[in-house]
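My entries follow in the order I made them.

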Amino acid sequence: MAMEARLLGFIVGAVSAFFWPALPPIWFCIITAFIAFVCLIRRKRPLLGGFLIGILWLASVGHWQSRWQLPHTDINQNVIVDAVVENIQTENSDPILTLRLVSYASNLIWQQPLVRVRWYNAPIMVQQGDRLQLTVRMKPPHGLANRHAFHYQQWLFTQGIRATGYVVAGDDNRLIASDPTQRQRLVNFFQQQGYENHGWLAALSLGYRGWLDQQDWSLMQASGLAHLIAISGLHLGMVALFGYALLSRVLVWCGSQRFNLHYVSVSLSVAIVAVYAYLAGFSTPTVRALIAISVLTLSLLRARFHSGGSLLLRVVALIILVAPLSIFSLSLWLSLSAVLILLGINWRLPVQQRKGPWQLIYAIRLQLVLCLLMLPVIASQFGLISLVSPLLNLIAVPLVTLILLPACLLGLILLFIVPEIAAVWFGLLDRIFGFLLSGLELAVNSEWAAIDVGQVSVGAWVTLAIAAIVAFLPVFYCRHRLTILLIIPALLHFWPVQRKTWSLSVMDIGQGLSVVIVRNGHALIYDTAALYPSGFAPAQAALVPYLRAQGVKEIDYVFISHTDNDHAGGLATLQQEFRIHQVLTNQDRCNQSLDLDWQGLNVVGMAPPKPVNARLAGENPYSCVIMLNDGQHRILLPGDIDAVTEKALIARLGSDLRADIVLVPHHGSSTSSTQAFVDFVKPRHAVVSAGKLNRWKHPRLEVLRRYQVAGAEIWRTDDHGQITFTFDADGYRIDRYRQDDYPFWYANFR
């Protein structure tokens, strides 16, 4: 029991890193190491000793990650690096490379950190394993930080990436040595054959997902089948079973009696799994699955009985040792949740020793119970409940694991022996995939396929998960009443309630602008952020999940200040996701004549004087300026107006420009926010929407100084992430996403 106590303490100590606002200092780590050493030597308090070692291990990993950081003087500067390509993701023909740095600015780096760069219009075909000399321009890892949205910066941290940027075109970029990995050669095969569904074939066969786009992932998410695409425990487990079945029969056929054939078959099957994990690129989910299979195999070979809980402790502890950053990724906790649920099902509904249709009934029951108990976990993360997921999983899990996966593995084996037959074989699988994907799209695109539950809070999902567990437990007094009581918080989110509060959020969308005003499930939006050539739309990444989490089904008004891409580029994205009742631009109603009441707010247009023609619609001085007023607070949204427009507003409105909150014009450019404008507005709060370390160096220091001298507090999306003002009868509350909502060290690691 002492070993289990140490393992449990180690896991709890490591997981406590989730809640650290900052890394523990070195002196704290030294004291922790001393106390842990004493506990181990004296063999007392194993739980405490393990707990301290877990803290020490994660703190050490964090300090190791911060060991090499991009020099401050080299941020957004051209630097020549020598690097090996670790991974490639193709997006609109421009590869995104994960590089392991060998040298930086002609200096060898013994730590060899990872960086992630995009190579626009790459003149050569880059492959995994190639060694390159590149001129790059990079900056510290950074990502958009908004409520309910994917946290890119945290993802970069879990991948161990220390800087991001792009390759600068020039003669210094060259291929030093071409040494593609075996995995890359297999990936090349799928690309060269021209299969229509080569992305899906490569994903299922090798775990290579570089060809799957956002539409593909949306399909998997809506169907609840994403776990079948990532090479994980299910895939490696099936490889182990197939390997064992094949090897045991081959060894029996050979007639060898010198060795215990069971032990030999088990050992060799693990070796096969390790080879397959290598071909899958040793991705983090693959490594986790390999660890789990290895621990289980070792337990079998030693002929020592361990309970399911004891084995799980060993697996999780070893995962934290080998891949510590994976504890900050969602996939690990989804996998652990599924394993715990399966253990619970096996305890509550043990396998019956029956054959025939009873096995099928048990499999169906297992799948349905697993889907039910996983529902709160999945829904809380993705904001929807897939109604077709249980049925699709009942069909897809056996289809993929028993037919398609073995067929893909057979194809890989044939590829090493007779490539010509392998090409024909994968061609047949390509047609099968096309047929299956067509049926899948038909299933998930129906109106009843999924329910949007983004507005349900995390706390409500926690109580719903507890309710599912309580309902699954053996009968006890008041079980049904307790279950109903725990379900109520989730149901209340669907009960229409008229709230007196309203919120204004300046979204973190990089270099651009988008402001979202929400009240009672209705939304008004001022500007929609950019649409980038790569296809990335901050509106999709930030606005859509936030609006859904606020219970918004339709958007009442969208105001476009002017038609520059960084203000209007995301409009088409919003139109695809929501019904928009009215779009107002500076070419029509968004001008000085605007005066409307919306949800108790008065929205008044202040500029331009009249609608502008299309030729001027994208010019900064002609931005639509609006003032919001709820009777107590005034908010000025001026778009990208310049000093000339500011002077005209002062001449016409004077003290009517007064506002409690102002969105700093033109992202803090020196062409705006004149001293006279700041003096007339006299804001308490000045909010800047700008991209981190942007090339225009917005906001300018002299602009910030003017607002500070005027007594305004400065808020910046590049530093604070999404900035939300919540208004009620007593005033307003300010929430900064990075500092107030998600202030953890790993999420804001630089």
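This is a predicted model: local features need pLDDT of at least 70, side-chain atom pairs count only at pLDDT 80 or more; totals for chains, interfaces and linings use all residues.

Residues are numbered from 1 along each chain as its sequence is written, and side-chain values use heavy atoms, with hydrogens and water left out.

**Overall**

I looked up the extent of the C-alpha trace: it spans about 100 × 75 × 65 Å along its principal axes. I count 25 helices and 23 strands; these are DSSP runs numbered from the N terminus, helices being H or I with at least four residues and strands E with at least two. The accessible surface is about 36300 Å², and carbon and sulfur atoms hold 62% of that surface (Shrake-Rupley method, 1.4 Å probe; for residues, only the protein chains shown count as cover). Of the 750 residues, 51% count as buried (under 20% relative accessible area; exposed is over 50%, partly exposed in between; 1.4 Å probe, protein chains only). I then took contacts between residues at least 6 apart in sequence, and 69% of them join residues at least 24 apart (contact: heavy atoms within 4.5 Å).

**Cysteines**

How many disulfides does the structure hold? I find one (a pair of cysteine sulfur atoms within 2.5 Å). C590 and C624 form the disulfide, with 1.8 Å between their sulfur atoms. C590 sits in the loop between β14 (579-585) and β15 (595-598), and C624 in the loop between β16 (601-607) and β17 (625-629), so the pair links distant parts of the chain, 34 residues apart. The angle about the S-S bond is -75 degrees, a left-handed link. C590 is buried at 0% relative accessible area, and C624 is buried at 0% as well. I also checked C408, which is buried at 1%, and C478, which is partly exposed at 29%.

**Q111**

Where is Q111 found? I place Q111 in the loop between β3 (107-108) and β4 (114-118). Is Q111 buried or exposed? Q111 is buried, with a relative accessible area of 10%. Leaving aside neighbours within four places in sequence, I list W64, R67, W68 and R162 as its contacts. A polar atom of the Q111 side chain lies 3.0 Å from the backbone oxygen of W64.

How values were computed. A polar contact is a pair of N or O atoms within 3.5 Å; within protein, one must be able to donate a hydrogen and the other to accept it, and residues adjacent in sequence count only if both atoms are side-chain atoms.
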